[in-house]
Amino acid sequence: MDSLDVRLTRSIQSLAVTAPLELTKEVFINDEGELRCGWRIALFAICLILASFITAGVLATISQLIPSLPLTVEPSDPREYLSARELIYLITSRAAALIAVVAATAVCAPLLEHRSFGSVGFKLHRRWWRDALLGCAMGGAAIALAVGVMKLAGAVTFEPATHAGAEIAQRSMLLAGAAAAILFLVAATFEELLFRGFVFQALLHNIGPVAAIALTSLPFGIAHLRNPSATAFSTINTVLAGVWLGAAYLATRSLWLATALHFSWNFVMAFFFGLPVSGLVTVDRLALVHGRSGSPEWLSGGSYGPEGGFAATIVLVVATVFIWRSRVFRPSDEMKAAVTHANPAMSNSESHPTEA
(Lines give C-alpha, C1' and ligand atoms only; values in the text may rest on other atoms or scores of the structure.)
Protein backbone atom coordinates (compact mmCIF):
# COMPACT_ATOMS: atom_id res chain seq x y z
CA MET A 1 0.00 0.00 0.00
CA ASP A 2 2.82 2.37 0.92
CA SER A 3 4.53 1.61 -2.40
CA LEU A 4 1.34 2.50 -4.27
CA ASP A 5 1.07 5.79 -2.38
CA VAL A 6 4.68 6.62 -3.21
CA ARG A 7 4.16 5.91 -6.91
CA LEU A 8 0.97 7.96 -6.93
CA THR A 9 2.71 10.87 -5.19
CA ARG A 10 5.58 10.76 -7.66
CA SER A 11 3.15 10.69 -10.60
CA ILE A 12 1.33 13.74 -9.25
CA GLN A 13 4.63 15.58 -8.71
CA SER A 14 5.81 14.67 -12.20
CA LEU A 15 2.54 15.86 -13.70
CA ALA A 16 2.77 19.11 -11.74
CA VAL A 17 6.19 19.73 -13.28
CA THR A 18 5.61 18.56 -16.84
CA ALA A 19 2.10 19.96 -17.42
CA PRO A 20 3.15 23.65 -17.30
CA LEU A 21 6.16 22.88 -19.48
CA GLU A 22 3.99 21.14 -22.07
CA LEU A 23 1.46 23.97 -21.96
CA THR A 24 4.22 26.55 -22.41
CA LYS A 25 5.63 24.61 -25.33
CA GLU A 26 2.18 24.34 -26.89
CA VAL A 27 1.73 28.12 -26.67
CA PHE A 28 5.09 29.01 -28.22
CA ILE A 29 6.26 26.07 -30.35
CA ASN A 30 4.57 24.30 -33.26
CA ASP A 31 5.02 20.74 -34.52
CA GLU A 32 7.94 21.83 -36.71
CA GLY A 33 9.92 22.84 -33.65
CA GLU A 34 9.63 26.54 -34.63
CA LEU A 35 8.07 29.47 -32.85
CA ARG A 36 4.48 29.87 -33.93
CA CYS A 37 4.05 32.41 -36.71
CA GLY A 38 2.54 35.05 -34.42
CA TRP A 39 5.64 35.04 -32.21
CA ARG A 40 7.93 35.07 -35.24
CA ILE A 41 6.10 38.12 -36.58
CA ALA A 42 6.29 39.83 -33.17
CA LEU A 43 10.05 39.31 -33.05
CA PHE A 44 10.36 40.62 -36.61
CA ALA A 45 8.45 43.76 -35.57
CA ILE A 46 10.80 44.28 -32.62
CA CYS A 47 13.85 43.86 -34.87
CA LEU A 48 12.35 46.30 -37.38
CA ILE A 49 11.72 48.94 -34.71
CA LEU A 50 15.26 48.60 -33.36
CA ALA A 51 16.75 48.77 -36.87
CA SER A 52 14.63 51.84 -37.64
CA PHE A 53 15.89 53.62 -34.53
CA ILE A 54 19.48 52.80 -35.47
CA THR A 55 19.17 54.02 -39.08
CA ALA A 56 17.38 57.18 -37.94
CA GLY A 57 20.15 57.80 -35.45
CA VAL A 58 22.83 57.34 -38.08
CA LEU A 59 21.08 59.81 -40.42
CA ALA A 60 20.71 62.35 -37.61
CA THR A 61 24.39 62.00 -36.72
CA ILE A 62 25.49 62.47 -40.34
CA SER A 63 23.26 65.54 -40.62
CA GLN A 64 24.86 67.03 -37.53
CA LEU A 65 28.37 66.34 -38.77
CA ILE A 66 27.69 67.52 -42.33
CA PRO A 67 24.89 70.16 -42.16
CA SER A 68 25.08 70.81 -45.90
CA LEU A 69 23.66 67.37 -46.69
CA PRO A 70 19.87 67.60 -47.17
CA LEU A 71 19.03 64.50 -45.13
CA THR A 72 16.46 66.06 -42.84
CA VAL A 73 14.69 68.58 -45.10
CA GLU A 74 11.22 67.12 -44.92
CA PRO A 75 8.71 68.48 -47.48
CA SER A 76 6.55 71.15 -45.83
CA ASP A 77 3.40 69.86 -47.53
CA PRO A 78 3.19 66.40 -49.23
CA ARG A 79 0.67 67.82 -51.69
CA GLU A 80 3.10 70.43 -53.01
CA TYR A 81 5.96 70.07 -55.47
CA LEU A 82 9.48 69.15 -54.46
CA SER A 83 12.69 71.10 -54.34
CA ALA A 84 15.87 69.20 -55.14
CA ARG A 85 16.77 69.06 -51.42
CA GLU A 86 13.34 67.71 -50.52
CA LEU A 87 13.65 65.04 -53.22
CA ILE A 88 16.98 63.93 -51.76
CA TYR A 89 15.35 63.80 -48.34
CA LEU A 90 12.56 61.55 -49.63
CA ILE A 91 14.98 59.18 -51.34
CA THR A 92 17.23 59.08 -48.27
CA SER A 93 14.40 58.50 -45.80
CA ARG A 94 12.95 55.69 -47.87
CA ALA A 95 16.41 54.17 -48.29
CA ALA A 96 16.81 54.26 -44.49
CA ALA A 97 13.46 52.50 -44.08
CA LEU A 98 14.53 49.91 -46.66
CA ILE A 99 17.81 49.30 -44.82
CA ALA A 100 15.86 48.74 -41.59
CA VAL A 101 13.51 46.15 -43.09
CA VAL A 102 16.41 44.43 -44.86
CA ALA A 103 18.27 44.21 -41.54
CA ALA A 104 15.23 42.81 -39.70
CA THR A 105 14.67 40.24 -42.45
CA ALA A 106 18.35 39.26 -42.54
CA VAL A 107 18.22 38.55 -38.80
CA CYS A 108 14.84 36.82 -38.56
CA ALA A 109 14.88 34.62 -41.67
CA PRO A 110 17.92 32.52 -40.68
CA LEU A 111 17.38 32.62 -36.90
CA LEU A 112 13.64 31.94 -36.78
CA GLU A 113 13.04 29.94 -39.97
CA HIS A 114 16.49 28.60 -40.86
CA ARG A 115 16.47 29.98 -44.41
CA SER A 116 18.47 32.57 -46.27
CA PHE A 117 17.67 36.25 -46.69
CA GLY A 118 17.50 35.75 -50.46
CA SER A 119 14.76 33.14 -50.06
CA VAL A 120 12.45 35.83 -48.64
CA GLY A 121 12.24 37.48 -52.02
CA PHE A 122 15.31 38.59 -53.93
CA LYS A 123 17.25 35.42 -54.60
CA LEU A 124 18.84 35.44 -58.06
CA HIS A 125 17.03 32.35 -59.23
CA ARG A 126 16.94 31.20 -62.84
CA ARG A 127 13.95 33.36 -63.89
CA TRP A 128 14.36 36.42 -61.66
CA TRP A 129 15.19 38.79 -64.54
CA ARG A 130 12.18 37.55 -66.54
CA ASP A 131 9.85 38.15 -63.60
CA ALA A 132 11.31 41.63 -63.09
CA LEU A 133 11.08 42.68 -66.75
CA LEU A 134 7.57 41.30 -67.27
CA GLY A 135 6.51 42.88 -63.99
CA CYS A 136 7.73 46.29 -65.14
CA ALA A 137 5.88 45.91 -68.44
CA MET A 138 2.67 44.66 -66.82
CA GLY A 139 2.60 47.27 -64.05
CA GLY A 140 3.09 50.11 -66.51
CA ALA A 141 0.50 48.66 -68.90
CA ALA A 142 -2.02 48.22 -66.08
CA ILE A 143 -1.93 51.85 -64.95
CA ALA A 144 -1.90 52.99 -68.60
CA LEU A 145 -5.10 50.99 -69.14
CA ALA A 146 -6.73 52.62 -66.11
CA VAL A 147 -5.73 56.10 -67.33
CA GLY A 148 -6.99 55.18 -70.81
CA VAL A 149 -10.42 54.35 -69.38
CA MET A 150 -10.40 57.70 -67.56
CA LYS A 151 -9.42 59.54 -70.75
CA LEU A 152 -12.17 57.91 -72.80
CA ALA A 153 -14.68 59.02 -70.18
CA GLY A 154 -13.28 62.56 -70.17
CA ALA A 155 -12.25 62.17 -66.53
CA VAL A 156 -8.63 63.26 -66.98
CA THR A 157 -6.84 66.00 -68.90
CA PHE A 158 -3.17 66.58 -69.66
CA GLU A 159 -1.14 69.75 -70.00
CA PRO A 160 2.45 70.26 -71.21
CA ALA A 161 4.93 70.13 -68.35
CA THR A 162 6.71 73.33 -67.37
CA HIS A 163 9.91 73.07 -65.41
CA ALA A 164 11.41 76.19 -63.91
CA GLY A 165 9.65 78.26 -66.58
CA ALA A 166 11.51 76.66 -69.50
CA GLU A 167 11.32 73.61 -71.69
CA ILE A 168 13.19 70.57 -70.40
CA ALA A 169 16.36 69.66 -72.21
CA GLN A 170 16.77 66.02 -73.06
CA ARG A 171 19.45 65.59 -70.42
CA SER A 172 17.22 67.18 -67.76
CA MET A 173 14.41 64.82 -68.70
CA LEU A 174 16.69 61.84 -68.25
CA LEU A 175 17.87 63.12 -64.87
CA ALA A 176 14.29 63.75 -63.77
CA GLY A 177 13.25 60.28 -64.86
CA ALA A 178 16.21 58.71 -63.09
CA ALA A 179 15.43 60.58 -59.85
CA ALA A 180 11.78 59.55 -59.96
CA ALA A 181 12.72 55.95 -60.80
CA ILE A 182 15.12 55.73 -57.86
CA LEU A 183 12.52 57.13 -55.47
CA PHE A 184 9.78 54.75 -56.58
CA LEU A 185 12.06 51.73 -56.80
CA VAL A 186 13.33 52.21 -53.25
CA ALA A 187 9.80 52.82 -51.96
CA ALA A 188 8.37 49.77 -53.76
CA THR A 189 11.17 47.50 -52.55
CA PHE A 190 10.62 48.66 -48.97
CA GLU A 191 6.85 48.12 -49.08
CA GLU A 192 7.14 44.70 -50.69
CA LEU A 193 9.67 43.46 -48.14
CA LEU A 194 7.49 44.84 -45.36
CA PHE A 195 4.09 43.57 -46.55
CA ARG A 196 4.91 40.57 -48.78
CA GLY A 197 8.21 39.58 -47.20
CA PHE A 198 8.88 37.84 -43.88
CA VAL A 199 5.47 38.56 -42.32
CA PHE A 200 3.43 37.44 -45.33
CA GLN A 201 5.53 34.31 -45.75
CA ALA A 202 5.34 33.36 -42.07
CA LEU A 203 1.53 33.53 -42.31
CA LEU A 204 1.57 31.63 -45.61
CA HIS A 205 3.71 28.82 -44.21
CA ASN A 206 1.53 28.22 -41.18
CA ILE A 207 -2.04 29.33 -41.89
CA GLY A 208 -2.30 29.37 -45.67
CA PRO A 209 -2.50 31.80 -48.61
CA VAL A 210 -6.00 33.21 -48.04
CA ALA A 211 -5.22 34.29 -44.49
CA ALA A 212 -1.77 35.57 -45.52
CA ILE A 213 -3.25 37.80 -48.23
CA ALA A 214 -6.09 39.04 -46.02
CA LEU A 215 -3.90 39.77 -42.98
CA THR A 216 -1.36 41.76 -45.03
CA SER A 217 -3.58 43.45 -47.62
CA LEU A 218 -5.86 45.04 -45.00
CA PRO A 219 -2.97 46.73 -43.14
CA PHE A 220 -1.52 47.71 -46.54
CA GLY A 221 -4.74 49.57 -47.32
CA ILE A 222 -5.07 51.08 -43.84
CA ALA A 223 -1.47 52.33 -43.97
CA HIS A 224 -2.47 54.63 -46.85
CA LEU A 225 -5.40 56.23 -44.99
CA ARG A 226 -3.11 59.02 -43.77
CA ASN A 227 -2.34 60.09 -47.33
CA PRO A 228 -3.90 63.33 -48.61
CA SER A 229 -7.47 62.98 -50.00
CA ALA A 230 -7.75 59.30 -48.96
CA THR A 231 -11.27 57.87 -49.05
CA ALA A 232 -13.02 54.60 -48.30
CA PHE A 233 -12.91 53.86 -52.06
CA SER A 234 -9.16 54.53 -52.28
CA THR A 235 -8.59 52.26 -49.28
CA ILE A 236 -10.55 49.44 -50.94
CA ASN A 237 -8.45 49.86 -54.09
CA THR A 238 -5.24 49.77 -52.06
CA VAL A 239 -6.41 46.56 -50.40
CA LEU A 240 -7.09 45.16 -53.89
CA ALA A 241 -3.56 46.21 -54.89
CA GLY A 242 -2.30 44.22 -51.89
CA VAL A 243 -4.22 41.19 -53.15
CA TRP A 244 -2.72 41.69 -56.62
CA LEU A 245 0.82 41.89 -55.26
CA GLY A 246 0.21 38.97 -52.90
CA ALA A 247 -0.93 36.89 -55.86
CA ALA A 248 2.27 37.90 -57.66
CA TYR A 249 4.33 36.50 -54.79
CA LEU A 250 2.30 33.29 -54.67
CA ALA A 251 2.74 32.82 -58.43
CA THR A 252 6.54 33.04 -58.25
CA ARG A 253 7.49 32.54 -54.56
CA SER A 254 9.80 35.56 -54.88
CA LEU A 255 9.41 39.34 -54.76
CA TRP A 256 10.90 40.26 -58.12
CA LEU A 257 7.52 40.26 -59.88
CA ALA A 258 5.60 42.00 -57.08
CA THR A 259 8.25 44.70 -56.67
CA ALA A 260 8.42 45.33 -60.41
CA LEU A 261 4.62 45.61 -60.65
CA HIS A 262 4.52 47.99 -57.70
CA PHE A 263 7.41 50.13 -58.97
CA SER A 264 6.26 50.48 -62.57
CA TRP A 265 2.63 51.20 -61.63
CA ASN A 266 3.73 54.16 -59.46
CA PHE A 267 6.52 55.35 -61.76
CA VAL A 268 4.41 55.42 -64.92
CA MET A 269 1.51 57.07 -63.09
CA ALA A 270 3.73 59.85 -61.74
CA PHE A 271 6.41 60.39 -64.40
CA PHE A 272 4.57 59.67 -67.66
CA PHE A 273 1.07 60.85 -66.71
CA GLY A 274 1.84 63.40 -63.97
CA LEU A 275 -0.94 62.09 -61.76
CA PRO A 276 -1.00 61.79 -57.96
CA VAL A 277 0.29 58.54 -56.50
CA SER A 278 -1.92 57.61 -53.55
CA GLY A 279 -2.77 61.28 -53.07
CA LEU A 280 0.84 62.45 -53.33
CA VAL A 281 2.00 64.84 -56.09
CA THR A 282 5.51 65.34 -54.78
CA VAL A 283 7.19 64.28 -58.04
CA ASP A 284 4.79 66.20 -60.28
CA ARG A 285 7.55 68.69 -61.08
CA LEU A 286 9.56 65.85 -62.62
CA ALA A 287 6.73 64.54 -64.83
CA LEU A 288 6.70 64.64 -68.64
CA VAL A 289 3.13 66.02 -68.58
CA HIS A 290 0.79 67.32 -65.90
CA GLY A 291 -2.33 65.21 -65.53
CA ARG A 292 -5.47 66.48 -63.83
CA SER A 293 -8.18 64.11 -62.66
CA GLY A 294 -11.70 65.48 -63.12
CA SER A 295 -15.32 64.41 -63.08
CA PRO A 296 -16.70 61.91 -62.46
CA GLU A 297 -14.45 61.51 -59.43
CA TRP A 298 -15.81 58.05 -58.70
CA LEU A 299 -14.08 56.97 -61.91
CA SER A 300 -10.95 59.17 -61.83
CA GLY A 301 -10.23 59.23 -58.11
CA GLY A 302 -10.12 63.03 -58.02
CA SER A 303 -7.23 64.58 -56.11
CA TYR A 304 -6.17 61.17 -54.75
CA GLY A 305 -5.31 60.03 -58.28
CA PRO A 306 -6.33 56.95 -60.27
CA GLU A 307 -6.00 54.65 -57.25
CA GLY A 308 -9.04 56.35 -55.75
CA GLY A 309 -11.32 55.61 -58.71
CA PHE A 310 -13.28 52.78 -60.26
CA ALA A 311 -11.06 52.63 -63.36
CA ALA A 312 -8.26 51.34 -61.15
CA THR A 313 -10.65 48.90 -59.45
CA ILE A 314 -11.45 47.25 -62.77
CA VAL A 315 -7.80 47.03 -63.79
CA LEU A 316 -6.64 45.65 -60.43
CA VAL A 317 -9.26 42.90 -60.47
CA VAL A 318 -8.44 41.93 -64.06
CA ALA A 319 -4.67 42.02 -63.38
CA THR A 320 -5.06 39.84 -60.28
CA VAL A 321 -7.15 37.24 -62.11
CA PHE A 322 -4.65 37.22 -64.98
CA ILE A 323 -1.68 36.52 -62.71
CA TRP A 324 -3.56 33.90 -60.72
CA ARG A 325 -5.15 32.00 -63.62
CA SER A 326 -2.59 32.33 -66.40
CA ARG A 327 0.48 30.14 -66.72
CA VAL A 328 2.82 33.01 -67.48
CA PHE A 329 4.37 32.90 -64.03
CA ARG A 330 5.36 29.93 -61.89
CA PRO A 331 7.88 29.35 -59.10
CA SER A 332 11.24 27.98 -60.12
CA ASP A 333 12.43 24.74 -58.54
CA GLU A 334 15.19 26.76 -56.91
CA MET A 335 12.69 29.03 -55.15
CA LYS A 336 10.51 26.10 -54.12
CA ALA A 337 13.52 24.64 -52.35
CA ALA A 338 14.68 27.98 -50.94
CA VAL A 339 11.41 28.90 -49.21
CA THR A 340 11.10 25.63 -47.29
CA HIS A 341 12.00 25.71 -43.63
CA ALA A 342 14.90 23.68 -42.29
CA ASN A 343 12.98 20.91 -40.50
CA PRO A 344 13.47 17.81 -42.71
CA ALA A 345 10.21 16.29 -41.51
CA MET A 346 8.26 19.18 -43.08
CA SER A 347 10.58 20.12 -45.96
CA ASN A 348 8.32 18.71 -48.66
CA SER A 349 5.45 21.03 -47.71
CA GLU A 350 5.36 24.60 -49.05
CA SER A 351 2.60 25.81 -46.78
CA HIS A 352 0.24 24.46 -44.15
CA PRO A 353 -3.48 25.10 -43.99
CA THR A 354 -3.56 25.38 -40.20
CA GLU A 355 -1.13 26.41 -37.52
CA ALA A 356 0.72 23.31 -36.33
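**View 1. Helix α5 gives the largest pocket its biggest share of lining, eight residues.** This is a predicted model, where local features need pLDDT of at least 70, side-chain atom pairs count only at pLDDT 80 or more, and totals for linings use all residues. Numbering runs from 1 along each chain as its sequence is written, and side-chain values use heavy atoms, with hydrogens and water left out. The pocket (an open set of 1 Å grid points where a 1.4 Å probe fits, with protein on both sides within 12 Å along at least five of seven lines; lining residues have an atom within 4 Å of a point) has a volume of about 1,200 Å³. Of its 38 lining residues, R94, E191, H224, N227 and L280 sit closest to the centre. The lining splits into 24 nonpolar, nine polar and five charged residues.

**View 2. Helix α9 is mostly covered.** In α9, 16 of 17 residues are buried (under 20% relative accessible area, 1.4 Å probe, protein chains only). At 1.5 Å a residue, α9 (residues 256–272) should span 24 Å, and its end C-alpha atoms are 23 Å apart, which agrees. After α9 comes G274, with a positive phi near 60 degrees.

**View 3. F184, W244 and W265 touch the most other members of the largest nonpolar core.** That core has 48 residues (buried Ala, Val, Leu, Ile, Met, Phe, Trp, Tyr and Cys joined through side-chain atoms within 4.5 Å). Helix α9 gives the most to this core, 10 residues.

**View 4. W244 and what it touches.** Leaving out residues up to four places away in sequence, W244 touches G139, L261, W265, L316, A319, T320 and I323 (heavy atoms within 4.5 Å).

Methods:
Helix = DSSP H or I, 4+ residues; strand = E, 2+ residues; numbered from the N terminus. Expected span 1.5 Å × (residues − 1). Buried < 20%, exposed > 50% of the residue type's maximum accessible area, 1.4 Å probe, protein only. Points joined across faces, edges and corners; volume = space filled by probe spheres on them. Nonpolar A, V, L, I, M, F, W, Y, C, P; charged D, E, K, R; others polar.
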